Amino acid sequence: MNPSFILWLAASMGIFLSAATASRYYVASNNMLILIFSLGLYCVGNLMMVRLMREGGLGLAISASAIAQLLLVNLIAFAMFGERLTLSQMAGVALGVVSMALMLLPSSGKA
């Protein structure tokens, strides 16, 4: 992964995490403006993902995004909303981290 890919991934993660947090606030408040704001953020994040797919390929871009969101959304859910994961759910998050680590290992083959 080159620095440009990592920068775009970090920026898109910020957008997606903001969208997820706004969605959670919408659930609590039922304010339609928050829902529209959240949907707008998701649209921007998905447009950013198009560039990531060009640079890193579909598999790597979507997988890196999904694992980063998995980890960071759970941190936000814990820190801001007091949500807790069960032991089996924590194991699922850990397996996600392991899967991403395996995807990022250098390989000699070409897909």
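This is a predicted model: local features need pLDDT of at least 70, side-chain atom pairs count only at pLDDT 80 or more; totals for chains, interfaces and linings use all residues.
## Two aromatic pairs

Let's start with the rings. The count of aromatic pairs here comes to 2. In one of them, Phe16 and Tyr42 sit 6.2 Å apart, centre to centre, with 40° between their planes, and the pair is tilted. Phe16 belongs to helix α1 (residues 3-29) and Tyr42 to helix α2 (residues 32-56), so this pair ties together parts that are 26 residues apart in sequence. How well covered are these two residues? Phe16 has 6% relative accessibility and counts as buried, while Tyr42, with a relative accessible area of 28%, is partly exposed.

Tyr25 and Phe81 make up another pair. Their ring centres are 5.4 Å apart and their planes meet at 70°, so the pair is edge-to-face, because planes over 60 degrees apart fall into that class. This pair also links distant parts of the chain: Tyr25 is in helix α1 and Phe81 in helix α3 (residues 58-81), 56 residues apart. Tyr25 is partly exposed, at 41% relative accessible area.

## A charge over a ring

Phe81 has another neighbour to look for. Arg24 lies over the face of the Phe81 ring, 4.6 Å from the ring centre.

## The largest pocket

Now for the open space. The volume of the largest pocket is about 280 Å³. Its lining has 15 residues, and those nearest the centre are Val73, Asn74, Ala77, Phe78 and Glu83.

Which helix gives the most to this lining? It is α3, with 7 residues. Helices α1 and α3 each supply at least two residues of the lining. By type, the lining residues divide into 10 nonpolar, 2 polar and 3 charged.

Conventions:
Residues are numbered from 1 along each chain as its sequence is written. Side-chain values use heavy atoms; hydrogens and water are left out. Rings of Phe, Tyr and Trp (its six-membered ring) pair if their centres lie within 6.5 Å; planes under 30 degrees apart count as stacked, over 60 as edge-to-face and the rest as tilted. Helices (H or I, at least four residues) and strands (E, at least two) are DSSP runs, numbered from the N terminus. Buried means under 20% relative accessible area, exposed over 50%, partly exposed in between (1.4 Å probe, protein chains only). A charge sits over a ring if NZ of Lys or CZ of Arg is within 6 Å of the ring centre and within 35 degrees of the ring normal. On a 1 Å grid over the protein atoms alone, a cavity is a set of points where a 1.4 Å probe fits but cannot get out, and a pocket is an open set with protein on both sides within 12 Å along at least five of seven lines; lining residues have an atom within 4 Å of a point. Grid points are joined across faces, edges and corners, and a volume is the space filled by probe spheres set on the points. Ala, Val, Leu, Ile, Met, Phe, Trp, Tyr, Cys and Pro count as nonpolar, Asp, Glu, Lys and Arg as charged, and the others, Gly among them, as polar.
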